[in-house]
Number of protein chains: 2
Amino acid sequence: MNNMLVDLRIESVGLVKPSIEYELDKSVFEKTGIEKVNIFDDEYTTSKAAICSAKDALKRIDMAASDLDQLIFQSEGMSDYLYMDSSKTIMLEIGGRECGNIYTYDFFRGNNGIIGTIYLINNQLTGNPEINYSMLCSSLLWTYHSKNRQLGDTYLGDGAGAVILSCRSGGSRVLGLSTLSFSQYNKITAFKIGGTVNDINVAGVKAGDFIYDILDYDHLASMREQIVTGSLKVISQALSESNLKMKDIDVIGILGFKKNYNAKILNEILEGQTVIDLLSKNGYLGSVGFFAVINEFLYNEKFSKGDILLLIMIGMDYRIEAMVVRK
Amino acid sequence: MNNMLVDLRIESVGLVKPSIEYELDKSVFEKTGIEKVNIFDDEYTTSKAAICSAKDALKRIDMAASDLDQLIFQSEGMSDYLYMDSSKTIMLEIGGRECGNIYTYDFFRGNNGIIGTIYLINNQLTGNPEINYSMLCSSLLWTYHSKNRQLGDTYLGDGAGAVILSCRSGGSRVLGLSTLSFSQYNKITAFKIGGTVNDINVAGVKAGDFIYDILDYDHLASMREQIVTGSLKVISQALSESNLKMKDIDVIGILGFKKNYNAKILNEILEGQTVIDLLSKNGYLGSVGFFAVINEFLYNEKFSKGDILLLIMIGMDYRIEAMVVRK
């Protein structure tokens with residue numbers, strides 16, 4: 001991926017962290033490194049959480065929703081209703097433009113595709129002068145449609161986040177992006193029933209098959225063998241895109257699903273940097289992890305203006321992605 | 001929407017029309033104008049049909065799959081598995097690039113969003129010089145997850161289609177695009193159960209609620225009141241984007257869900273043009289209708305090089321879209 005980021009900026013981030021803390025068994029912690037996950041109460045739906053995060057991002061920079069020219073909602077989980085148009089619902093509820101020159105899209109597969117989508121948004125911002133401010137939003141609630149929040153041997157935390165991107169602004173500059181796909185292992189996760197391969201039926205629902213789960217364990221196993229080498233490759237590429245060396249990085253954000261992979265990767269790259277690793281206190285956050293790390297980096301005063309973050313995302317998916325941002 | 005289409009071209013179209021013909025009752029025909037729909041046999045899954053259409057589009061211009069730089073899969077229906085990554089599966093199976101600089105995305109909500117997505121692809125092609133050829137693909141199978149193919153008072157046909165777009169080529173030029181959203185009626189269709197509002201349960205599955213259906217009849221009724229005026233507005237805008245008058249148009253393609261709306265719109269605009277209206281022989285085709293009309297216009301010899309098509313899409317959705325193309 002050559003560097004097409006002419007001047008991509010993060011204007012603002014919004015984040016909703018659910019208030020309920022769900023402690024996991026000690027045995028789970030020993031295996032996965034996850035102590036607890038935060039979960040939404042029953043009042044929340046996917047779009048309600050997304051709307052809160054979108055409002056939060058707008059409020060932070062005192063921006064009117066009507067100034068947004070694009071809104072992309074991306075998620076690996078469920079919307080309020082299956083196949084409803086969440087992006088339009090969010091745009092409507094935050095008071096954005098309803099009609100006219102407004103572009104809203106719903107994407108599948110948040111997981112690690114979130115940085116790939118930022119690439120797409122960068123192209124939208126540079127290719128279409130009508131689009132000045134683009135919001136990317138994601139929202140995950142795992143109370144329904146997960147095996148008690150377990151996905152393989154990781155545990156899923158709830159949350160919602162939003163980011164406002166622009167390329168003609170004074171926000172934090174994105175210096176480089178890099179993504180790596182192992183397409184040959186592209187069936188790691190999905191719902192076993194409810195598609196055109198296996199129709200949904202009462203037996204399947206009773207058996208609890210209508211959950212987001214591992215679909216192909218061979219794909220998962222093959223992907224895992226390449227997590228460490230793949231991550232190092234993606235990191236090296238993101239640094240090269242940014243014209244930086246590892247020693248120029250101040251903060252490393254790592255979003256993984258299991259502690260031992262995170263540890264191995266950090267062991268290979270750390271040169272004294274501060275680490276943001278949300279796994280033990282938040283579980284595996286999927287696409288929402290992206291917003292959580294950027295939120296921490298931009299708004300925690302312990303990180304200074306000018307600091308540079310390298311973010312690595314390794315998920316229960318076949319993609320590994322990295323991004324470099326200067327605060 | 002100002003005209004950002006610097007030089008958008010349709011390079012090729014692929015289409016898969018299922019072989020089984022499913023005749024509808026005479027009473028249905030009288031009410032809807034739909035005689036029959038074509039349906040896929042049980043061998044097909046969403047991705048199998050999509051892969052066939054993608055290969056068809058490539059074959060028509062003798063293009064290697066490895067020359068595609070982007071693939072977007074967009075659908076209002078179900079994938080092989082819920083929340084699987086169909087775009088990557090299609091790219092893999094047609095022999096496209098697996099890794100590296102390849103951009104694949106899965107979008108929800110095909111319906112009338114397909115022309116809005118062409119706008120997004122146009123921005124990708126103009127904003128990122130790495131993307132020379134972008135494929136947009138859609139595939140619909142309604143055997144599962146529909147009420148015997150009924151959606152409100154229309155009937156759904158199966159099918160799959162793909163289009164290859166470029167802005168540095170010799171293909172058929174897209175002269176103008178226009179889209180109109182009635183965001184306030186954005187809950188017309190979805191699945192009633194299976195999201196974060198209503199969990200899926202045995203009773204709901206037994207009751208047949210896990211189907212793509214009308215979610216909010218008030219939204220549908222309000223949208224319907226505006227179909228004719230909205231369509232005329234979108235048509236007028238698409239003509240204006242193209243710097244054309246209605247008399248310059250040779251062919252009108254209309255994709256609607258009920259004969260009386262189609263008739264009213266045609267009655268307002270027709271000035272002797274040839275009409276492509278697939279409703280009676282194909283039913284409501286959703287996003288696949290787009291590929292079916294373009295396929296007919298570009299490859300039926302009764303239309304000549306230089307002919308200009310105005311395509312109007314009015315669906316069971318809250319969007320109306322139009323496009324103008326010169327063969």
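A polar contact is a pair of N or O atoms within 3.5 Å; within protein, one of the two must be able to donate a hydrogen and the other to accept it, and residues adjacent in sequence count only if both atoms are side-chain atoms. Keep that in mind for the first view.

This is a predicted model, in which local features need pLDDT of at least 70 and side-chain atom pairs count only at pLDDT 80 or more, while totals for chains, interfaces and linings use all residues. Residues are numbered from 1 along each chain as its sequence is written, chains are lettered from A and ligands numbered from 1 in the order in which they are written, and side-chain values use heavy atoms, with hydrogens and water left out.

**View 1. Where chain B meets chain A.**
Here we look at 29 residue pairs in polar contact between chain B and chain A, both partners at pLDDT 80 or more. On chain B's side, the elements that give two or more residues are α3 (86-93), β5 (103-107), α4 (114-127), β11 (189-191) and α5 (202-206). (Helices are DSSP runs of H or I with at least four residues, strands are runs of E with at least two, and both are numbered from the N terminus.) Helix α4(B) gives the largest share of that side, eight residues. Sort the residues on chain B's side by kind and you get 31 nonpolar, 28 polar and 13 charged. (Nonpolar covers Ala, Val, Leu, Ile, Met, Phe, Trp, Tyr, Cys and Pro; charged covers Asp, Glu, Lys and Arg; the others, Gly among them, are polar.)

**View 2. How much surface gets covered up.**
The contact (heavy atoms within 4.5 Å) takes 72 residues from chain B and 71 residues from chain A. About 6,600 Å² is buried between the two chains, and carbon and sulfur atoms give 61% of it. In chain B, the residues that lose the most area to chain A are B:Y83, B:F108 and B:T196, together 14% of what that side buries. (Buried area is the accessible area, taken with a 1.4 Å probe, that two parts lose on being put together, summed over both.)

**View 3. A salt bridge across the interface.**
There are two salt bridges between chain B and chain A. One of them joins A:R319 to B:D85, with the closest N and O atoms 2.6 Å apart. (A salt bridge is a side-chain nitrogen of Lys or Arg within 4 Å of a carboxyl oxygen of Asp or Glu.)

**View 4. Salt bridges inside the chains.**
Over all chains, the structure holds 30 salt bridges. In chain A, A:K36 pairs with A:E21, the closest N and O atoms being 3.3 Å apart. A:K36 sits in strand β3 (residues 36-39) and A:E21 in strand β2 (residues 20-23), 15 residues apart. A:K36 is buried at 9% relative accessibility, whereas A:E21 is partly exposed at 47%. (Buried means under 20% relative accessible area, exposed over 50%, and partly exposed in between, using a 1.4 Å probe and protein chains only.) Over in chain B, B:R173 forms a salt bridge with B:D7 at 3.5 Å between the closest N and O atoms. That pair is 166 residues apart, with B:R173 in strand β10 (residues 172-181) and B:D7 in the segment before β1 (9-16). In chain A, A:D7, A:R9 and A:R173 are linked in a salt-bridge network.

**View 5. Two loop residues with positive phi.**
Most residues other than glycine have a negative phi. A:R149 has a phi near 75°, a positive value, and is found in the loop between β6 (134-140) and β7 (150-151) of chain A. B:D62 has a positive phi too, near 55°, in the loop between α2 and β4 (70-74) of chain B. A:R149 is buried at 5% relative accessible area, but B:D62 is exposed at 73%.
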